[in-house]
Amino acid sequence: MISRPAIDLHTHSTASDGTLSPAELVRAAADAGLDVVAITDHDTTAGWDAAVRALPPGLTLIRGAEISCRWHGVEPAVPLHLLAYLFDPDHPELVAELARVRLAREVRGERIVELLRADGVDISWPEIMAAAGGGTVGRPHIAAALIRAGLVATTTEAFGVDWLGERYRLPKEDVDVFRAVELIRAAGGVPVFAHPRATRRGRIVPDELIVELAAAGLAGLEADHEDHSPAEAAHVRALAAELGLLVTGSSDFHGTHKTVRLGAHTTAPEAYERIVAAASGVTGVASG
């Protein structure tokens with residue numbers, strides 16, 4: 001019996017808020033028994049080249065990004081994420097939007113730290129920036145600073161209501177979700193909606209929006225994910241079948257920032273092949 005390849009299409013490195021470098025990430029993916037892994041750091045392609053250079057034999061790398069988006073159909077607008085696969089990293093309009101979002105993340109992060117310091121919390125923005133090592137800065141970097149300061153024990157605690165989950169949570173500027181789909185497609189990429197029914201993360205968008213996004217070029221939905229209950233995953237699968245969208249499963253691996261392991265959820269080869277066939281930006285990279 002021929003075994004099916006193990007495919008994980010959602011992981012993060014130190015280029016955003018993961019704890020493994022891109023090189024460490026691809027080596028860990030190979031050690032975990034994966035055949036295909038996607039590097040999908042937040043709003044950046046900065047980890048692509050290092051991941052390609054370190055690619056172990058037998059592993060295929062799918063280059064991508066997780067793009068911070070917002071739907072403005074309600075007030076306040078709902079934040080959401082699109083996974084963009086195999087797009088041209090030099091597409092001018094997409095490059096400009098991602099740069100704008102990364103800057104907005106920095107501005108928000110510094111404002112959050114100012115609020116914390118005003119309340120007597122002794123953490124340092126320059127130290128947080130240094131720890132990020134040039135990666136896209138996010139709330140997990142602030143959470144790590146709170147852990148280092150001994151104020152919380154875990155990232156989960158840092159994201160609780162007393163800290164970054166509510167009391168010190170600020171909105172950031174994101175890409176309009178329809179604009180994001182348009183830009184990803186224009187750059188030859190394939191857009192997939194990340195964890196669309198994860199109610200434990202906060203507000204979710206209605207199915208009617210996903211119908212509209214599918215008509216605008218959305219290619220797929222991420223169903224199997226640590227933050228989806230079995231019922232939520234089943235709902236996503238049914239909606240994808242109704243709309244003719246592909247379905248992915250992924251770990252959303254962040255290293256020690258989360259407990260989920262690489263390959264905890266995987267994508268069927270048929271869905272992976274649809275992504276590869278639909279892309280015209282860059283190709284997957286295979287190492288002998």
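Is Asp 43 buried or exposed? Asp 43 counts as buried, because its relative accessibility is 0% (buried means under 20% relative accessible area, exposed over 50%, partly exposed in between, with a 1.4 Å probe and protein chains only).

1. **Basis.** This is a predicted model: local features need pLDDT of at least 70, side-chain atom pairs count only at pLDDT 80 or more, and totals for chains, interfaces and linings use all residues. Residues are numbered from 1 along each chain as its sequence is written, and side-chain values use heavy atoms, with hydrogens and water left out.

2. **Overall form.** The protein chain holds 10 helices and 9 strands (DSSP runs numbered from the N terminus: helices are H or I with at least four residues, strands are E with at least two). The C-alpha trace spans about 60 × 45 × 40 Å along its principal axes.

3. **Burial and contacts.** Of the 288 residues, 53% count as buried. Take the contacts between residues at least 6 apart in sequence: 71% of them join residues at least 24 apart (contact means heavy atoms within 4.5 Å).

4. **Annotated segment.** An unreviewed UniProt entry annotates residues 7-71 as "domain: Polymerase/histidinol phosphatase N-terminal". UniProt positions follow the numbering used here, feature names are shortened, and annotations may be inferred rather than shown by experiment. In the model, residues 7-71 are 25% helix and 32% strand. The end C-alpha atoms of this segment are 29 Å apart.

5. **Backbone points to check.** The peptide bond from Glu 75 to Pro 76 is cis, with omega near -5°. Pro 76 sits in the loop between strand 3 (60-71) and strand 4 (78-85). Asp 43 has a positive phi, near 60°, and is not a glycine. Its loop runs between strand 2 (36-42) and helix 2 (48-53). His 195 also has a positive phi, about 30°. The loop holding His 195 lies between strand 6 (190-193) and helix 8 (207-216). His 195 is buried, at a relative accessible area of 8%.

6. **Leu 245.** This residue is in the loop between helix 9 (230-243) and strand 8 (246-249). Leu 245 counts as buried, because its relative accessibility is 8%. Beyond its neighbours within four places in sequence, its contacts include Ile 210, Ala 214, Leu 218 and Arg 274. The C-alpha atoms of Leu 245 and Gly 255 are 29 Å apart, with the two residues 10 apart along the chain.

7. **His 141.** Helix 5 (residues 139-148) contains His 141. At 9% relative accessibility, His 141 is buried. Leaving aside neighbours within four places in sequence, His 141 touches Ser 16, Asp 17, Ile 128, Ala 132 and Thr 136.
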